[in-house]
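This briefing goes through one protein model by topic. Keep the structure in view while reading.

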Amino acid sequence: MLSKIRLAVIAMMSAFLVCGCTSRLPVSIWESEAMWYEPANERDPENVDVLYLLSTEVLSARDENGDVSWRSQLAAEDKDAMRNELAWVETTIFSDGFNLAAPYYHQFTFDAISKLKGGEFSEVYSSVAKEVCDAFDYYMKNVNNGRRFILAGFSQGAMLCLDLLRHMSDEEYSSMVACYTIGYRLSESDLQHPHIKAAEGASDTGVVISFNSSLTREAIWPLVSEGAVTCINPVNWRTDSTPAEFHFDGTTNIVSVDPATHVLLVQTDKPEYFHDFYELAPFFLDAGVSRDNLHHWDLLFYSTQIHDNALVRADAFEE
């Protein structure tokens, strides 16, 4: 029998199997409240702001003509799936001490990941990145208003965070506490940009926290890990191979940075727990993801550590 946590994992984080919606693609007008997640908690001027970009929550989509669309149409089903992830992130990670803001953007679908290659995917991705940059500009001018903020994203959202780091002005960057690119790599090319600096410890600021998890080197997913040149362990906040133990839904795990691949390698007492998930989300297997890959769990494993660390970095930024 699936545990309550596993059911929650499947319900919230497995791309939600949203399919075939046919509503018309609306223009993204960021002045509209409908384009933003409505947090459960009211904004508190004493809290640190968080702008969060969600992961891929839409499996496939169709436009108003019934043709395949490689981007979400933001239909009701899409937004319900997105809202579930955002509510989980707010209550589990960015709850006490944070003001969460998150746009409903026309993200690329999981079908785009698995079916588009090279320039075709790049074209779709560029259109998503432009829209997210527009949302960021609106947020900074109309919501943030010069306050300190944290940038965070998971999977697709983490990829887009790097685009925002390149897009933001130096003045905006000076107000950024840190950026959590959860489940996505930092490449040598990324680190050439002055706004992209890899975290080296638990309390440095203006840095990017990057990590990907896998049970084995062979199971690394190239889309999110290829080209990684740095990584930090979110359990002990070390960049070397010093191991650390964590527990998740009845599993006991040892995680350490692999210096050869800059990926988190996890030793677990229950590998079948993670293998079984792929029977419920076969679209990962269709995209060539190994059963030993742990990308799906990068946000779930380390949620408590991210929450606590974000507060530590926010305090360090104030000091």
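In strand β1 (residues 48-53), V48, V50 and Y52 point one way, while D49, L51 and L53 point the other way, and all of them are buried. The model is a predicted one.

**Strand β1 and its partners**
- In a regular strand the side chains alternate between the two faces of the sheet.
- Strand β1 is mostly covered, with six of its six residues buried.
- Strand β4 (residues 98-101) runs parallel to β1, and four bridges join the two.
- Strand β5 (residues 149-154) also pairs with β1 in the parallel sense, over five bridges.

**The largest nonpolar core**
- The largest nonpolar core has 101 residues, and those touching the most other members are Y52, F94, L151, Y180 and W297.
- Helix α4 (residues 118-144) supplies the largest share of this core, 12 residues.
- Leaving out residues up to four places away in sequence, F94 touches V50, Y52, V89, L100, A152, I306 and A310.
- Among these contacts of F94 are V50 and Y52, which both point the same way from β1.

**Helix α11**
- Helix α11 (residues 303-318) has 16 residues, which should span 22 Å at 1.5 Å a residue.
- The buried residues of α11 are S303, Q305, I306, H307, N309, A310, R313 and A314.
- An α-helix has 3.6 residues a turn, so residues three or four places apart point the same way.
- I306 and A310 are two of the buried residues of α11, and F94 touches both I306 and A310.

**Cysteines**
- A disulfide is a covalent bond between the sulfur atoms of two cysteines.
- How many disulfides does the model have? The count comes to zero, with a cut-off of 2.5 Å between the sulfur atoms.
- C133 counts as buried because its relative accessibility is 11%, and the cut-off for buried is under 20%.
- For C179 the closest cysteine sulfur is also in C161, at 4.3 Å, which is too far for a bond.
- C179 is buried, with a relative accessible area of 0%.

Methods
Residues are numbered from 1 along each chain as its sequence is written. This is a predicted model: local features need pLDDT of at least 70, side-chain atom pairs count only at pLDDT 80 or more; totals for chains, interfaces and linings use all residues. Side-chain values use heavy atoms; hydrogens and water are left out. A nonpolar core is a set of buried Ala, Val, Leu, Ile, Met, Phe, Trp, Tyr and Cys residues joined through side-chain atoms within 4.5 Å. Buried means under 20% relative accessible area, exposed over 50%, partly exposed in between (1.4 Å probe, protein chains only). Contact means heavy atoms within 4.5 Å. Two strands pair if DSSP finds at least two bridges between them. The expected span of a helix is 1.5 Å times one less than its number of residues.
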